[in-house]
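Visitor: I have a model open here and would like to go through it with you. Can we start with the fold and then move to the side chains?

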Amino acid sequence: MSDARRTVRATTSFFEDLDRQFPAERGPNGEPSAHDFQVFDLIRIVDQFAEGFDELPELFTGRPDYRILISAGMLVPRLSVIGQLARDGAIELVQLDVDLDPGF
């Protein structure tokens, strides 16, 4: 485990995924908006990648530069985020998938 906190940045494709999966405004029944997700869940995701990238599972066996976070969010029941180690040592969040269905 590394003691250094890595820089994390979200890519354009990450934000495209976010905008595709969340409305711009909160739904009539309290469904989260893209802004809600950024305020409540994205901060936690960034922290997990910044502090624990090397402990996350490899997305592809033998490719430690791609890691995946599968978790429950504060606003969504399930989410997955793919992060890639960039040449400068930062982590780039490249993909977001959320499951808004509360059923199991």
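Guide: What follows goes through the sheet, the helices, the salt bridges and a surface patch of this predicted model.

Visitor: How many strands form the sheet, and in what order?

Guide: Five strands make up an open sheet, in the order β1-β5-β4-β3-β2, and the pairing is mixed.

Visitor: Which strands stand at the edges?

Guide: Those are β1 (8-10) and β2 (58-60). Each has a single partner strand, so one side of each is left without a neighbour in the sheet.

Visitor: By how many degrees are neighbouring strands turned against each other?

Guide: On average by 40 degrees, direction ignored.

Visitor: Take β4 and β5. How many bridges join them?

Guide: Eight, and the two strands run antiparallel, with β5 covering residues 91-99. Ile 82 stands opposite Gln 95 in β5, and the bridge partner of Val 81 is Leu 96, also in β5.

Visitor: What lies between β4 and β5?

Guide: Five residues, in a hairpin. Gly 89 sits in the turn and has a positive phi of about 90 degrees.

Visitor: Now the helices. Which strands does α1 lie across?

Guide: Helix α1 (residues 12-21) lies across β1, β4 and β5, at about 15 degrees to β5.

Visitor: What about α2?

Guide: Helix α2, residues 34-52, lies across β1, β3, β4 and β5. Its angle to β5 is about 130 degrees.

Visitor: On to charges. How many salt bridges does the structure hold?

Guide: The structure holds 10 salt bridges. One of them is between the side chains of Asp 88 and Arg 9, at 2.9 Å from N to O. That pair links distant parts of the chain: Asp 88 is in the loop between β4 and β5, Arg 9 is in strand β1, and they are 79 residues apart.

Visitor: Is Asp 88 buried or exposed?

Guide: Asp 88 counts as exposed, because its relative accessibility is 54% and the cut-off for exposed is over 50%. Arg 9, at 33%, counts as partly exposed.

Visitor: What does Arg 26 form a salt bridge with?

Guide: With Asp 36, the closest N and O atoms being 2.6 Å apart. Arg 26 lies in the loop between α1 and α2 and Asp 36 in helix α2, so the pair ties together parts that are 10 residues apart in sequence.

Visitor: Buried or exposed, for those two?

Guide: Arg 26 is exposed, at 52% relative accessibility, whereas Asp 36 is buried, at 7%.

Visitor: Which salt bridge involves Arg 78?

Guide: The side chain of Arg 78 meets that of Asp 99, at 3.1 Å from N to O. This pair also links distant parts of the chain, with Arg 78 in strand β4 and Asp 99 in strand β5, 21 residues apart. Arg 78 is partly exposed, with a relative accessible area of 27%, and Asp 99 is partly exposed too, at 32%.

Visitor: Which residues are joined into a network by salt bridges that share partners?

Guide: Arg 5, Asp 47 and Glu 51 are joined into one network that way.

Visitor: Where is Met 74 found?

Guide: Met 74 is in the loop between β3 (63-71) and β4 (78-85). Its relative accessibility is 53%, so Met 74 counts as exposed.

Visitor: Last one, Arg 44. Where is it, and what is it in contact with?

Guide: Arg 44 is in helix α2 and is partly exposed, with a relative accessible area of 36%. Leaving aside its neighbours within four places in sequence, Arg 44 is in contact with Ala 72, Gly 73 and Met 74.

Visitor: How far apart are the C-alpha atoms of Arg 44 and Glu 58?

Guide: They are separated by 20 Å, and the two residues are 14 residues apart along the chain.

Methods. Residues numbered from 1 in each chain as written. Predicted model: local features only at pLDDT ≥ 70, side-chain atom pairs only at ≥ 80, totals over all residues. Heavy atoms only, no water. Helix = DSSP H or I, 4+ residues; strand = E, 2+ residues; numbered from the N terminus. Buried < 20%, exposed > 50% of the residue type's maximum accessible area, 1.4 Å probe, protein only. Pairing = 2+ DSSP bridges. Axes fitted to C-alpha atoms, helices over the stretch in contact; angles between N-to-C directions. Contact = heavy atoms within 4.5 Å. Salt bridge = Lys/Arg side-chain N within 4 Å of Asp/Glu carboxyl O.
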